[in-house]
Amino acid sequence: TTIKGGAGTGTGAGGSIVFQTADGGSTGSSVNAHATAMTITDDGNINFTGSIKDSAGTNTALTIDSSGRVFKPATPVFHAYASDNAYQTTSPIPWDTTLIDVGSGFDTTNNKYVVPVTGNYYIAVHVGTIRSNVNGEYLTILLKKGTTTIQQGYTEETSSQGYGNVAFSAIHPLTAGDELTVTTSGNWDYYASKTYTIFSGYLIG
């Protein structure tokens, strides 16, 4: 089936297909007025009001505001940190607080992120280390999927005078139910705090 807009001759605006809806009330005697819900313009653009929702019409998947900015409020995203405000050697890193957890995937009791839906995820880890006075002290940070290391970072004290950090990020293909943890190895303490020790990520698609 083909739906066609109006056609004229020559050039100029026109020929849009306009979809209108109206409330389906059953009281009163006046017919409810129609309002434009979506327009397909003659240059191929689609303009719509409201949101794109799931088949039940209850969960909003996407909205576009009047400035053209796109929001996807149901997309899984998380930001967790270790809040102890103390030097730590604990492994896995104790991610006990979340700032964001859309999709309810983060388990602060067991210090892990449980992937809620299959897809490609951007994952980032940042861990700050304390000042060391011993050359050769090192710290390795490992991002694990189950028991398998899928990314890692390393720092080593060489000057006996500096603080350090380990930070890395990448896109990882993940399956619903995968469990992500961050473990450590080495003899250099890290500092657990809201700004130093962060584990975050989001679903790309």
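This is a tutorial dialogue on reading some features of a predicted model.

User: What is V182 in contact with, leaving aside its neighbours within four places in sequence?

Analyst: With those neighbours set aside, V182 is in contact with P92, I93, W95, V125, I141, L142, L143 and F199.

User: How should I read the open sheet of five strands, and what is its order?

Analyst: Strands of a sheet pair through backbone hydrogen bonds, either parallel or antiparallel. Here the five strands of the open sheet run in the order β10-β11-β16-β13-β14, and their pairing is antiparallel. The edges are formed by β10 (106-107) and β14 (148-156), each of which has a single partner strand, so one side of each is left without a neighbour in the sheet. Within the sheet, β13 and β16 pair over seven bridges in the antiparallel sense, and K145 has L180, in β16, as its bridge partner.

User: How many salt bridges does the structure hold, and is K112 buried or exposed?

Analyst: The structure holds two salt bridges. In one of them, R69 pairs with D65, their closest N and O atoms being 2.7 Å apart, and D65 is partly exposed at a relative accessible area of 24%. In the other, K112 pairs with E179, with the closest N and O atoms 3.1 Å apart. This pair links distant parts of the chain, since K112 belongs to strand β11 and E179 to strand β16, 67 residues apart. K112 counts as buried because its relative accessible area, 16%, falls under the 20% cut-off, whereas E179, at 35%, is partly exposed.

User: Which residues does T118 touch, not counting residues up to four places away in sequence?

Analyst: T118, which lies in the loop between β11 (112-114) and β12, touches L174, T175 and A176 on that count. T118 and A176 are 58 residues apart in sequence, yet their C-alpha atoms are 4.6 Å apart in space. T118 is itself exposed, with a relative accessible area of 51%.

Methods:
Residues numbered from 1 in each chain as written. Predicted model: local features only at pLDDT ≥ 70, side-chain atom pairs only at ≥ 80, totals over all residues. Heavy atoms only, no water. Contact = heavy atoms within 4.5 Å. Pairing = 2+ DSSP bridges. Helix = DSSP H or I, 4+ residues; strand = E, 2+ residues; numbered from the N terminus. Buried < 20%, exposed > 50% of the residue type's maximum accessible area, 1.4 Å probe, protein only. Salt bridge = Lys/Arg side-chain N within 4 Å of Asp/Glu carboxyl O.
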